[in-house]
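Dear colleague,

I am handing over the structure we spoke about, and my notes on it follow below. Please read them with the coordinates open beside you.

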Amino acid sequence: MEIIKYPPRTEWAYLAERALADEAEEVARKVSNIMARVKAEGDNALREYELTFTKAKLTDLKVSDREIEESAALISEDLRIAIADAADNIAKFHSAQMMKGPITVETMPGVVCSQRAVPVDSVGLYIPGGNSPLFSTVLMLAVPAKIAGCRHVTLCTPARPDGTVHPAILYAAKTAGVKSIFKTGGAQAVAAMAFGTDSIARVDKIFGPGNRYVMEAKQQAAQSGTAIDMPAGPSEVLVIADDNANPEFVAADFLSQAEHGPDSQSILLTTSERLAKCLPEVIERLLNELPRQDMMRKSLSHSRIILFHDDEEMMEFSNMYAPEHLIVNHRNAEKLCSSVRNAGSVFIGEWSPESVGDYASGTNHTLPTSGYAKAYSGVNLDSFMKKITFQRLTPEGISNIGRTVEIMAENEDLMAHRLAVSLRLNSLKNS
């Protein structure tokens, strides 16, 4: 793991680069081929891709009602209780985000404008299943979709080699009220939801995290007319810590990020030379007690420890990096967090590991990565809603606003716009 001491600002942009960015063109080409094939061949392409990537030989892509019902018996009671607790917290937090009725404003006498929120009609949820069965992501996406009132919720997730879906994913879906579940993953699942197949209906908006192939597929889907939640690719964490931080806590936060996948990235920003010096050794000691070491070492190979002169520099770099997850393990954590401008989700203080947000605190773990936190929010209830504006004008209203619109239309040389107003004004004058 690289340790960089007091880098000049001219090097900050380089240090903020994500791992494996040089593969972007090759990933885009492969995904484009997958998207085109699924669009042309539909279910047949999906079955062949599942056989290639997961070794599952599928006849029916749809998970049966029986498989969903049997999932409860295939997981432990402790896990069922944990899923229920997490779903409850997620529901509480996202329910609080509901718009409290329509907004109505009379902007001038006789001109009434309003706005109300309505759910996206049909949404597709992508649930990764490669390194881990991410049943937590089912809750993060399906619970707010149901609260929002989306009429059609489609869930796609990779099958296991025996053709089944992990029962925890199915049980989480059942808990959240999702019944349309399909055994397909990766870029091909995104393509299926974007274009539709015989088995999988086309959706209006696609949600869910994934690797760089899934992220690229979502972006290509957006170019083809299907909305997406955000770019969400390889996961990342940035930890800001001072000499008061427990090195084991910081090391564990690095390792929990590393087990997301080999292209995940962890960054430590610190003013403590002691912490920077000891952290690699602590990480190595804890790593030796964990599974998936080969994958985690690949992630750690492009993770970094960066020493800065002061807190102000750390916050400037953090905002430039715009991390998906930001952990502020610092004696002045609350004060530093007031300077956060770019981050997906922030974890304040030494007792707030990323893990709680990943699973059960109530906030959403589907977050912008790769610097997109500069412009995107994480998934929230609004992600499943659209806000429609309305306006109603009375004769008094068109009389009050009409001349303003006529002048503006004339100066944009849009005379039909002017005409639509002028005819009404003339009608009132002649009545």
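In the protein chain of this predicted model, residues 24 or more positions apart account for 74% of the contacts with a separation of 6 or more. The secondary structure of the chain comes to 17 helices and 14 strands, and its C-alpha atoms fill a box of roughly 90 × 60 × 45 Å along the principal axes. Of the 431 residues, 48% are buried, while the chain exposes about 20,500 Å², with 51% of that area supplied by carbon and sulfur atoms.

The five-stranded sheet

Five strands make up an open sheet with parallel pairing, in the order β6-β5-β4-β7-β8, and its edge strands, each of which pairs on one side only, are β6 and β8 (227-228). Going through the individual pairings, β4 and β5 run parallel and are joined by five bridges, with leucine 125 standing opposite leucine 155 in β5. On β5 there are also four bridges to the parallel strand β6 (residues 180-183), where lysine 183 is the bridge partner of threonine 157. Three bridges join β4 to β7, again in parallel, and here glycine 124 has isoleucine 206 of β7 as its bridge partner. Strand β5 is mostly covered, with five of its six residues buried. Helix α6 lies across β4, β5 and β7, and runs at about 170 degrees to β4.

The nonpolar cores

The largest nonpolar core has 41 residues, of which Val123, Leu125, Val138, Leu139, Ile181 and Phe384 touch the most other members. Two or more residues each come from α5 (77-95), β4 (122-126), α6 (135-148), β5 (152-157) and α7 (167-176), and α6 gives the most, with nine residues. Leucine 125, leaving aside neighbours within four places in sequence, is in contact with Leu141, Ala142, Val153, Thr154, Leu155, Cys156, Met193, Phe207 and Phe384. Another core, of 29 residues, lies apart from the largest one and has Val27, Met35, Phe182 and Ala221 among its members.

Helix α8

Helix α8 (residues 186-195) is largely enclosed by the rest of the structure, because nine of its 10 residues are buried. These buried residues are Gly186, Ala187, Gln188, Ala189, Val190, Ala191, Ala192, Met193 and Ala194, and they pack against α2 (24-41), α3 (43-54), β4, β5, β7 (205-207) and α9 (212-223). Following α8 is glycine 196, whose phi is positive, near 85 degrees.

The three-stranded sheet

A further open sheet is formed by three strands in the order β2-β3-β14, with antiparallel pairing; its edge strands are β2 (103-108) and β14 (385-393), each pairing on one side only, and the twist from one strand to the next averages 20 degrees. Helix α16 (residues 395-411) packs on this sheet and touches β2, β3 and β14, its direction making about 95 degrees with that of β14. The antiparallel pairing of β3 (residues 111-119) with β14 extends over nine bridges, and within it alanine 117 has lysine 387 of β14 as its bridge partner.

Asparagine 342

Asparagine 342 lies in the loop between α14 (333-337) and β13 (345-348). Is asparagine 342 buried or exposed? Its relative accessibility is 12%, and because residues under 20% are classed as buried, asparagine 342 counts as buried. The side chain of asparagine 342 reaches the backbone oxygen of asparagine 319 at 2.8 Å. Not counting residues up to four places away in sequence, asparagine 342 touches Ser318, Asn319, Ala322, Pro323, Ala373 and Lys374.

With best wishes

Note on methods:
Residues are numbered from 1 along each chain as its sequence is written. This is a predicted model: local features need pLDDT of at least 70, side-chain atom pairs count only at pLDDT 80 or more; totals for chains, interfaces and linings use all residues. Side-chain values use heavy atoms; hydrogens and water are left out. Buried means under 20% relative accessible area, exposed over 50%, partly exposed in between (1.4 Å probe, protein chains only). A polar contact is a pair of N or O atoms within 3.5 Å; within protein, one must be able to donate a hydrogen and the other to accept it, and residues adjacent in sequence count only if both atoms are side-chain atoms. Contact means heavy atoms within 4.5 Å. Two strands pair if DSSP finds at least two bridges between them. Axes are lines fitted to C-alpha atoms, for helices over the stretch in contact, and angles run from 0 to 180 degrees between N-to-C directions. Accessible areas come from the Shrake-Rupley method with a 1.4 Å probe; for residues, only the protein chains shown count as cover. A nonpolar core is a set of buried Ala, Val, Leu, Ile, Met, Phe, Trp, Tyr and Cys residues joined through side-chain atoms within 4.5 Å.
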